[in-house]
Amino acid sequence: MTPSPADSADASYITSRGPGSGRRSAARSWLHSDAPTQSLNGMWRFRLLPGAPGTPGGRGVLPAGEAVEGIAEEAFDDSSWDEIPVPAHWVLEGDGHYGRPIYTNVQFPFPTDAPHVPDENPTGDYRRSFELPESWTAAERILLRFDGVESRYKVWLNGVPIGVGTGSRLAQEFDVTDAVRPGANVLAVRVHQWSASSYVEDQDQWWLPGIFRDVTLQARPAGGVDDVWLRTSFSGSGDSGTGRIEPEITAGGGAFPVTLSVPELGVDVTWNSAADVAPVVIAAVEPWSAEIPRLYDATVSSAAETISLRLGFRTVEIVGDRFLINGRRVVFHGMNRHETHPDRGRVFDEEFARADLALMKRFNVNAIRTSHYPPHPRLLDLADEMGFWVILECDLETHGFHARNWVGNPSDDPAWRDAFVDRIERTIERDKNHPSIVMWSLGNEAGTGANLAAMAAWAHARDSSRPVHYEGDYTGAYTDVYSRMYSSVPETEAIGRDDSGSLLLGCSAAESARQRSKPFILCEYVHAMGNGPGAIDQYEDLVDRYPRLHGGFVWEWRDHGIRTHTEDGTEFFAYGGDFGEVVHDGNFVMDGMVLSDSTPSPGLFEYKQIVAPLRLGFETEASDGGARRFVSVANLRHSADASDVVLRWRTEVDGVRSESGELAVSGASGKALAAGESARLELPAFAAPGSGEHWLTVEVVLRKHTGWAPAGHVISSAQLDLSVPAPAVRGPRPVASGRVEAGAAAGSLAAGTVTLGAAVFEDGRLVSLGGVSVAGPRLELWRAPTDNDGAASAAMWRQAGLDRLTARVETVSADAEGVLVRTRYAAADRAESVTVDEQWQLMDGDLWLRLDMIPSAGWDMVWPRLGVRFDLPGSVDRASWFGAGPRESYPDSMHAAMIGRYSAAIGDLTVPYAKPQESGHRSAVRSLELDNAGAPWLRIDTVPDARGRRPGFTLARHTAQEVSAAAHPHELPPSKHSYLYLDAAQHGLGSRACGPDVWPDFMLRPEARTLTLRIGTAG
């Protein structure tokens, strides 16, 4: 908020540390203690004011006659106020009565005038009463703890000023010993939405004010243990080695003697004074890792208090350009994880969080970057227990200054130094006991400057056992790893292979050499916005090839949609702009691998397959008795062997299962395949394949139930085509130009009705298939732009008129042998065109359709798609197909697609992305059957082209044009039809929403293509 006269004297408007901070206690660990605690969560009295009382320009916002700090008085009458839950964000309560959420990525939603904010500063006043037990009078101190309040707040207890809090995602404790009393107490809190802190909390997320984490009272007993840090390390190899505990105990002299107990390890050590506290060495412990999260229960106790901890023994170190844990290189298959819930915002829900982490485990995610602030402390308990490598990030981002070339950026302003150091101090002190945390991060996108360097210096001095990360330290001046966002594949490869003669962007020769000596991580990559990302495999290939590359963290894990309803009650997930924000960044907040309703996206399935820790391949050897086939298994895990999995295989002929079995995953010694080892296992001899496609599928599956997945859960898959080459299927030959040209005028030879098998034509145009009215085929080059296509591609495609092609039939010929139509497609005010020769023919009783699509000269762009559209009745409601599935796939996102037989209702074939866009394409289709009103109707068989390429299909309720016109799913028009797209080719996905464009190999450049289809009735 704008500083009050009292604030401005000591700059406490920037930080809550200093003379204006009141009774704030020193930062300490979030501990499980048996000291008495009382939760103050629940229903509080609440009112919302339009400005900040007591600040310049904030006058006149209080009711007449009320003093600035009137809410602090015990006798204050709050009976007319509303009630609101704590924890909660006030903008998510009261059906909009308390304001609305605001989403920005980089922009500040207020004038950039640091450290000042506008007079229009929504301010929430909270009050509640509570009873303090008489027994608490024996406490030495009583602390009032706030775990998270956005953004700045003042606290009064029984009318006594307690202090000021800043740092929205950082805990603060206040000593209220002489303000609290047995019996009835009144607590008042005034929270300002905007403050000086808002300039350094400009993270890419919703602005959501309020008391959104727990409020707790704790009685600190005389002789209690105020803080504990059990710093652990591991030395050894394999699953056992020496463990070391370095205790740091903060307590008054009256707390000793203090005892450390780890019963499972036989540790029971008592220290009689602080000077006696010394390291404890254990001869044999099992190490902690993200794959084997071995924890030991420990207690630290005095006569007055017992602290419970869970210890994990692991050592983090950087050796040369390798990041090692317990002596082995780590590869981060990580996610950037914001705290977001569709109904509660950043309010922590432990059941929801546990389910979130279990979902991560099922999709082969092994690491979390807590973007861009410390999460609720219980999340880190879960990470310790379930097993994740964690980069713990400080609550810091000043991204809004980027647009001003970082002029005025607090990161290099001495006035902000204490605030920056205070933030990293509270971050590290709260969470220092967690074995899952393997790196500290100073924050995100805050430029660079002396204050960040000071944060790093403090972190290094306080905790030498963990490296320090910050992506914005491009010269490597004060951090320990080289980190980048969204570097291209060629650039990442150059970093991996160490082009030692090159200079890094913005670095001198010495700075470049320093960065090249460090491990490299992609703290953000493959931006997962909407349909995509593509080309994940290219990054993973580089990580496999270059040991210096240690993987990365996808941006990001989950969409931030807020569950909202239209006036008629239709549910949708809102994004930026949906709440009338003055400035916002649209649907850029919907950039997760998981949709807002917790549905995994197709991109997450692709990611799971690519980063799988157990990788499969196939080898074939010739022998006298025929080919011998082997499956190779590489265990790329950090520490776990393969004793928890089996190989499950099956063969299928034209998608119908033939044989199946299991194989144990063992190494050369016959033992379970160890981490880092590979093995080649011989497969059984399969039945000789006959006609049709013969496919072998091998899956790595869990042997037993775990805490995050059932037995049989698939970790990775691979397929091998066992088919015997078959004779090419003969379809119609290309249209003979002379025959088509025989129609001197369009339609002159096509009058009347012609029936060819399941097709009926009127005047040369298709009107019916299988007894059902249809229209088409119509050339389609347009797809509803994906978020990763980006505004530039969408604008280019629209400028070229791809969404508004018009047709001119050049010639038509129809007779008892077939129907031939030549159509030129082009857009208004464009000379470029595509000619489509449409040839229907009966051959041996089968109806064939051949489509030759030939672009004119002059196209200087990529196309989103090349195919045709059939308009079908709305009663067409299901597709069954033999091809790639079960989910959508695109040229640069094919690893999760397996060849098989699949079936889905039309509503399940497309993905309800928060912003409608292209989705639902199934690749490499061999055959497709459509149901009409639940009954089999039409069958389409495809023929590969001369290069072996098969088409894909999309079946949807809306056209690509309708989809691209809608901003939300509920804005799609009522559907009266179903639409079948058969595509000869699709453009790739890429991750251009914030990252590289489609790789050249997967770009769809204009070229002639052919579709050959056999069409008949199904059933």
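The model is predicted, so local features need pLDDT of at least 70 and side-chain atom pairs count only at pLDDT 80 or more, while totals for chains, interfaces and linings use all residues. Residues are numbered from 1 along each chain as its sequence is written, and side-chain values use heavy atoms, with hydrogens and water left out.

**View 1. Helix H7 and its buried residues.** Helices (H or I, at least four residues) and strands (E, at least two) are DSSP runs, numbered from the N terminus. In helix H7, residues 509-516, you'll find Ser512, Gln515 and Arg516 buried. Looking down the axis of H7, the buried residues fall within an arc of 100°, so they line one face of the helix. That arc is taken from the directions running from the helix axis to the C-beta atoms. Strand E31 (482-485) is included in what covers the buried residues of H7, where contact means heavy atoms within 4.5 Å.

**View 2. Helix H9, mostly covered.** Here eight of the nine residues of H9 (residues 602-610) are buried. Among them are Pro602, Gly603, Leu604 and Tyr607.

**View 3. Strand E41 and its two partners.** Strand E41 (residues 694-702) is mostly covered, with nine of its nine residues buried. His694, Leu696, Val698, Val700 and Leu702 point one way, Trp695, Thr697, Glu699 and Val701 point the other way, and all are buried. Two strands pair if DSSP finds at least two bridges between them. Strand E38 (residues 645-653) runs antiparallel to E41 and is joined to it by nine bridges, with valine 646 opposite valine 701. E41 also pairs in the antiparallel sense with strand E42 (residues 714-721), this time over seven bridges. In that pairing, valine 700 has serine 716 of E42 as its bridge partner.

**View 4. Zooming in on threonine 651.** This residue sits in strand E38. Threonine 651 counts as buried because its relative accessibility is 0%. Leaving aside residues up to four places away in sequence, threonine 651 touches Val656, Arg657, Ser658, Glu659, Phe686, His694, Trp695, Leu696 and Leu722. Threonine 37 is 614 residues apart from threonine 651 along the chain, and their C-alpha atoms are separated by 60 Å.

View 5. Strand E35 (residues 571-574) runs antiparallel to E34, and four bridges join the two. Histidine 565 stands opposite glutamate 571 of E35. The two strands form a hairpin with five residues between them, and glycine 569 in the turn has a positive phi of about 95°.

**View 6. An open sheet of five strands.** The strand order is E1-E22-E21-E18-E19, with antiparallel pairing. Strand E1 (32-33) and strand E19 (267-271) stand at the edges with a single partner strand each, so one side of each has no neighbour in the sheet. E1 pairs with strand E22 (residues 306-311) in the antiparallel sense over two bridges. Serine 33 has isoleucine 307 in E22 as its bridge partner.

**View 7. The largest pocket.** On a 1 Å grid over the protein atoms alone, a pocket is an open set of points where a 1.4 Å probe fits, with protein on both sides within 12 Å along at least five of seven lines, and lining residues have an atom within 4 Å of a point. The volume here is about 1200 Å³, meaning the space filled by probe spheres set on the points, which are joined across faces, edges and corners. Of the 47 lining residues, Arg926, Pro944, Gly948, Arg949 and Arg950 lie nearest the centre. Strands E56 (935-943), E58 (977-986) and E59 (1009-1017) each supply at least two residues of the lining.

**View 8. The second largest pocket.** This pocket has a volume of about 900 Å³. Its lining has 38 residues, and Glu291, Pro613, Arg637, His638 and Ala640 are the closest to its centre. Helix H8 (536-545) is one of the elements that supply at least two lining residues, and H8 gives the most, with three.

Technical notes:
Buried < 20%, exposed > 50% of the residue type's maximum accessible area, 1.4 Å probe, protein only.
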